[in-house]
Amino acid sequence: MSNEINNELLNALLNPHTASGKEAEAQFKAIQLPTRIKCLTTVFYQSLLALSSSMSDNHMHSVSPTLVLACILLRRDISSLGSWVWLQAVLLEELSDISGALNLCHDLLSYMSHIVECCLEYFVPMGIHSDGNHSHRWNIQQKRDICALQRQIGQVIAEACSCETWLYPLQQLLILSSNKGMASTWTFAMPSPSLTVNALRKIGPACSIADKASLDLLSLLAQRAPLALQDDDFDGASEGSLTFSLRSTLQSAAQVLSEKWKHIRLQPQTQQALKPSEVRGETLQMLTVANSILEAMTYVYRSSYVWQELRHECADAQNLLVFQSESAGHKRNVSVRREINSTKIFQRHMMQIVQIQTKMCDTNRTFDTMGSDDDFFQVTNFDSVASKMGNLGISSLLEIIHDASAGSNFISNFSTVDEISALLQTLSLTASICPMLLAGNVHILYHTCCVLQSIATLTTDHLRLGAIHTLVTLLGVRQVTCLLQKHPHLLSLCINGKNAMIQNDNHSHSSQNVNFSGVIQLCAESIVKGVDEDVDAWAQSKVGLNEDFAYSEDDAVAIFAQELLEDFLRSVGASKCLSSVLEIVQSLLNVNQWQASRGALCILEVCMVSAPHSFSRHIPVALETALRFSSPEECVRVQFQAIQLLVALCGVDEIESETLTFGEHINEVGLRNQYGHKILSTLVKSMQCHCTKVVGHACFALSTYCRGGNKNEDNEPEHMALQSLIRPYLRDLLMAITSGPLSLDVSKNTLVFIRAFDAISSLACVAKDSFFEFYPIIMPGLRECAEYGIKKGLDGHYIDESCTEEIAVMRGAAIETASIVGHAIGGADGIFNHDANYFMNLILSMLTRRAAASDAPMMIPDDQLMTASARIASVIKDDYIPFLPKIVPHLIVTLKEADDITITDGDPNSTGQETECDEDNGTRTVTVALPGMGVKKVVINSIRMQEKCQAARAINEHARSMGLAFGPYTD
């Protein structure tokens, strides 16, 4: 098979589903990685040369798809090169071929240098000149193509520089390994990677004039090759240092952009000279550049602080490698504290470098996990580099964001939500991974809070919540909260808002008076207004098996605002703002609108969840409010939210102080003792509601009432006390369940049935033998539901006539509930044995069917079958022995199944995103960037894992219940 890569092969790769595309892909993968990189570089360089020639003649056509593909493939292969090289180095070292490994490193380092030189040669000419204009007359599509190509080229440069930071220490370790046993300690100089330094010098001038492409490349270098940006001048005091140079470059970029912004915003004659479309275009361009500057600042300064922490970490832990910075020549000394006299020690050194590089490139590493409190206040004083950059750069960027989103001037009319939203997301990133840029001192933090709260007050819900999220993220950093607590006026600003003067300290003429609300008021407004107003549609909508009763997609704004308020109260301390919260709640309760009543109940739930100790003295009033609004006369949405508040209130019996100290008493709530009769009576009425969502949620609240509280479940006196509270209402509750949720059409209300079964299980667990008299009422219905929609065929096997996942889970819930009821009444008169045999035969039929045809539709989930069988075994004891030979093999087979985990190459655009859940296939997927290995996609079959865990627990329960009878299966 040919090792040649040309445009014909790349064109075929663009059509992967065709026969030629599949053949091209096989040919491409068969080429060894280093050879593939060299071939791709050649094709890439030739395509760039042709593009540059057409640009110089002002006859540029669209960017070739094969050029973009070559760029993407080259970047991907370079990102995978590190793991390949290290594996080869280990193999060669084991074979004592140190010279071969050294030659491999030298060859690849040289080629990385060649790649970076080629890319830099065409990266800057594609950009903008010092006057801010493009060097050629291109149409809009051509400009977009060039910008997209620049991004791809920048990613190739960043990956090559990252690869260099891996190859240098490997090369030095190989040098040490070639001198095995000659000394106990070796010290060698590891020069700062030249590729990154050269790239910084090349793009530095363009960065300083706010060229977006160059700033994006700087950000990429800080993410992919953070070690290369470090020196010993941590505060940037020395003019010759790399830190000082980066700080000056970013400061200059912020100032240039600020001047451009003021040129449009403050000069009416300029506005009149520009057409609206031109103003809008200029606004969009400057917003995107502001985002690039902010992102570059964030990653550059984040890498500095992570580097400082890792040096401290390595020294304290006495790790094998200790990195020490020297300003002269930007070199780093690496001391190896043991002689490299074996392959094992060599590999240990390699692993140490992998760990350091991984930590440096971890973009999700937040400041809350780094350093100590003393470190934070040391680097966030008025003289720190981050504080200075906050004063000189961040303030002007915040001013631009504010003017474009919330200002009343001419420019704001032409801003777009998407660009400002992207800026707020970057600010949120800055708040989480480099908060000192936004909170280096009280003045920067004050300015940040004013601008974000002003944006939230004057804009739509989308931007409002984005601004609040950024502020809450910043205040969620423990050290920032400490700074906030030391300045009560700043804390009051966040809680209550005010009429504030927002101004840039360096440009006083740009200040403006702005009235803005506090975070609590802003969140409350979104909670009230962010719900779906169509009550009938909400009430009639079907809730899926994997959805939450309390969640509705149409209420996304309100739910997000609720989460933000909860985070805010946790961060700043509810005791300091509870009075403001309750004042808003009271004002909402006085409004005769269901949205306001629902919002007030939501906020009370937030208080209960986020600050239970501070809120404890208000619990009686909150409970009375919940009981009042759960009345059938209220809107069903209000009833539902009132029950949701009851769920939160029933979740605890005792509340520990958020700052519990020695000798401080735990506050006993005792809701069940004081209000049990009111709560249970209310739930009985709610189960008769015409809205099935309210009915299902009432069942859930009853389960919480029975199981709630954070006391020890094994505490017999407490259990007896709860039993005495439930017993008088047991008949009414069971009658309400059977005549309410269990009287509905099961095919349309499957989840309601599942919640009702859970409520019955909870009651049975509490009532114990008191449940005996209700056994004949409950068990027939459970047996009927366990076989709902299935029947036996002529061959004796079950046939599913309603094959849906929800129905299958409902059947399993019925079987589990039956086993719980049987366990509750125990072996009383053997009443459960007959039903137990019935359910066990059904369970064996299901397991046998699944074993014979693993791809057959699931009638009842295996984990529910295994749980129920283990519980039945604990009840009927010796009568269960005939089932052991048939049940245990199924459990063992499940336990021995292979773990379903796959690791493949991932999409770089998916890194850093939340875990993806595929409910249909039961998988969870996460994409991560592993230094030296590239971007990898990890897929885990979570259902398989759960089934294996459930099988292990079932085997353990069978062994405990059956005693000696289980002996034959221990082998």
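A residue is called buried when its relative accessible area is under 20%, exposed when that area is over 50%, and partly exposed in between. Keep those cut-offs handy, since they come back all the way through this predicted model.

Let's start with R783. Its relative accessibility is 24%, so R783 counts as partly exposed. The side chain of R783 meets that of D835 in a salt bridge, with 2.8 Å from N to O. This pair links distant parts of the chain: D835 sits in helix α36 (residues 831–852) and R783 in helix α34 (residues 775–786), 52 residues apart.

D758 belongs to helix α33 (residues 750–767) and R707 to helix α30 (residues 692–707), so the pair ties together parts that are 51 residues apart in sequence. Both partners are partly exposed: D758 has a relative accessible area of 26%, and R707 has 44%.

Take K212 and D216, joined by a salt bridge of 3.2 Å from N to O. Why are these two separated by about one helical turn? Because K212 and D216 are four residues apart in helix α8 (residues 212–224).

As background, side chains of opposite charge can pair when their charged atoms come close. Some charges here go beyond a simple pair: R36, R76 and D77 are linked in a network of salt bridges. How many salt bridges are there by this rule? The count comes to 16.

D534, D536, E553 and D554 form a negative surface patch. The residues in such a patch have no salt bridge, which sets this group apart from the pairs above. One of the four, D536, is placed in helix α22 (residues 535–540). Is D536 buried or exposed? At 52% relative accessibility, D536 counts as exposed, because its value is over 50%.

Conventions: Residues numbered from 1 in each chain as written. Predicted model: local features only at pLDDT ≥ 70, side-chain atom pairs only at ≥ 80, totals over all residues. Heavy atoms only, no water. Patch = residues over 30% accessible without salt bridge, like charges linked within 9 Å, V, L, I, M, F, W, Y side chains within 5 Å. Areas by Shrake-Rupley, 256 points an atom, 1.4 Å probe, with all protein chains shown as cover. Salt bridge = Lys/Arg side-chain N within 4 Å of Asp/Glu carboxyl O. Lys, Arg positive; Asp, Glu negative; His and termini not counted. Charge placed at Lys NZ, Arg CZ, Asp CG, Glu CD. Buried < 20%, exposed > 50% of the residue type's maximum accessible area, 1.4 Å probe, protein only.
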